[in-house]
Amino acid sequence: MGYLAVDLGTTNIKVIAYDADLRPLASESAAVRYEKDGDFVEFDAEAYYGDLLRIIRDCCAKAYGQAPFPVRQIALTGQAETLVVLGKDGKPARSAISWMDMRSREECLELRGAFSAQEGYRKTGQPEMIPTWPVTKILWLRKNEPETFERADKYLLLKDFIQYRLCGVLAGEHTVYNFSHYFDIVGKAYWTDILDYCSVREGQLPPLVQPCALLGPLTPESARATGIDPTARVNAGMLDHFAGMVGTGNIRPGAISESTGTVLALATMVDRPLFTPEMLQLHCGPFDGTYVFLPTCESGGVSLEWFRNTFMEGVAFDDITRVCAQRQRPGALTFLPYLTGANAPDFNLDASGVFFGFKAQSDRYDFALAVMEGVAHMLNDNIRSLAKAGIRTDSVISTGGGAKSALWCQIKADITGYTVKVPDNREAACLGAAIIAAVSDGRFPDYESAVRECVRIKTEYAPRLHEAYEASGRLYRAVFESLQAPFRAHTAWRSQAE
């Protein structure tokens, strides 16, 4: 008997098989194949699902031997905002539009004019209308692809689509709909005013369900394709950041976890909806009655990945961190990691990436170190904004690809002044999904018991250079503040040039 965790990732789809005691037995992954053209980022949703079926079967064969594989539950986690449009035949009517797609800037401006930022924040918990949100993509389709808009029978998010293909049940789970910008996080219902504005009927959206809802057994087709026992049930799970909270033991108010993956995200739980003057991103939480502050910054780990792919092709991340660890810290360069605009806590779509302070003697490793420090400064800004909301802690749990770098973890500790703790199991979201399945199945009586048995902290990084980095942080903020007018001017100039 075992449990299967499925992470519907942005870069990779990942599947991990666990035994009844949540020991990992095998894992498989597949890269997501994108079609990119400027602001357009799309992929074939059916191909994504086909890749998932293949790696589920391969993973289970390694873990359990011969089919039918003895899986009790399949728990899903992963990305939120990617939009899948279904026709009346139940098949995708066009390519899926990734959350990374930026085509809907004009629609953002239109929606900002129709709905104030304060109204949007009080409904959705999101302080800004940005192209990431599916509602902006739906409005873009209405204006630019009227034939698709007319043929659209259902608007789903990616996890909805995968659930539907696995078990035949249409359902929209609360924690991913936090990111739709048409979900009322207090009423836990669709925000009909903005849907009406976009000419979307509520019947075109899936019924809403609680996190961790059991949706049903596999369809005969998906059972045959995966080799899994057809009695296995599909668990709706929750958003990857929230599953990561469960997988690191961050299941009660007062703890902060951060993940530096493609996106930098922080998460801390509160016991009621707290709408702050700073408009911190607030979400309906993973457990009944809970809410989560979840500041997210799209230029997280992707900043270092972009720098390596662009300027250090062929150099391994381990080699980058090994050389950077020998450099003096704080580094002499300042990096603003706003490659896709500034998210929390500054919210400035005009902002862009900036290197400041380099000289003729600066080399590419100095720049790489500046990237790591810049992302850590952005993390620190968000931690300080949480402190203003009354969140107090003495440590931060770190996950994601960034947690694999001892240097980056130490930089984060030095800049924030908090001890950074790295769990033994680095696949926090998948472990969290497996815990969700095991608790739902009755293997553990509650989440506290499962966390006590399954979650361990492997390494802790205490602050060493906090005072030196405080001066570096002041420079980081000064550079950002001084560039507000140039950021606006640059956006205006680019708009005219295009």
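Visitor: What makes the place of His174 a helix?
Guide: His174 lies in helix 7, residues 174-177, and helices are DSSP runs of H or I with at least four residues, whereas strands are E runs of at least two, both numbered from the N terminus. This is a predicted model, in which local features need pLDDT of at least 70, side-chain atom pairs count only at pLDDT 80 or more, and totals for chains, interfaces and linings use all residues. Residues are numbered from 1 along each chain as its sequence is written, and side-chain values use heavy atoms, with hydrogens and water left out.

Visitor: Why is His174 called buried?
Guide: Its relative accessible area is 5%, and buried means under 20%, with exposed over 50% and partly exposed in between (1.4 Å probe, protein chains only); therefore His174 counts as buried.

Visitor: With which residues is His174 in contact, leaving aside its neighbours within four places in sequence?
Guide: Contact means heavy atoms within 4.5 Å, and the residues that His174 contacts in this way include Phe183, Lys188, Leu208 and Cys284.

Visitor: What makes strand 4 and strand 5 a pair?
Guide: Two strands pair if DSSP finds at least two bridges between them, and strand 4 (residues 35-37) and strand 5 (residues 40-43) have three, in the antiparallel sense. Glu35 stands opposite Glu42 in strand 5, and in the hairpin of these strands, with two residues between them, Gly38 takes a positive phi near 60°.

Visitor: How do you know that strand 5 and strand 8 pair?
Guide: Strand 8 (residues 96-97) is joined to strand 5 over two bridges, antiparallel, and the bridge partner of Phe43 in strand 8 is Ala96.
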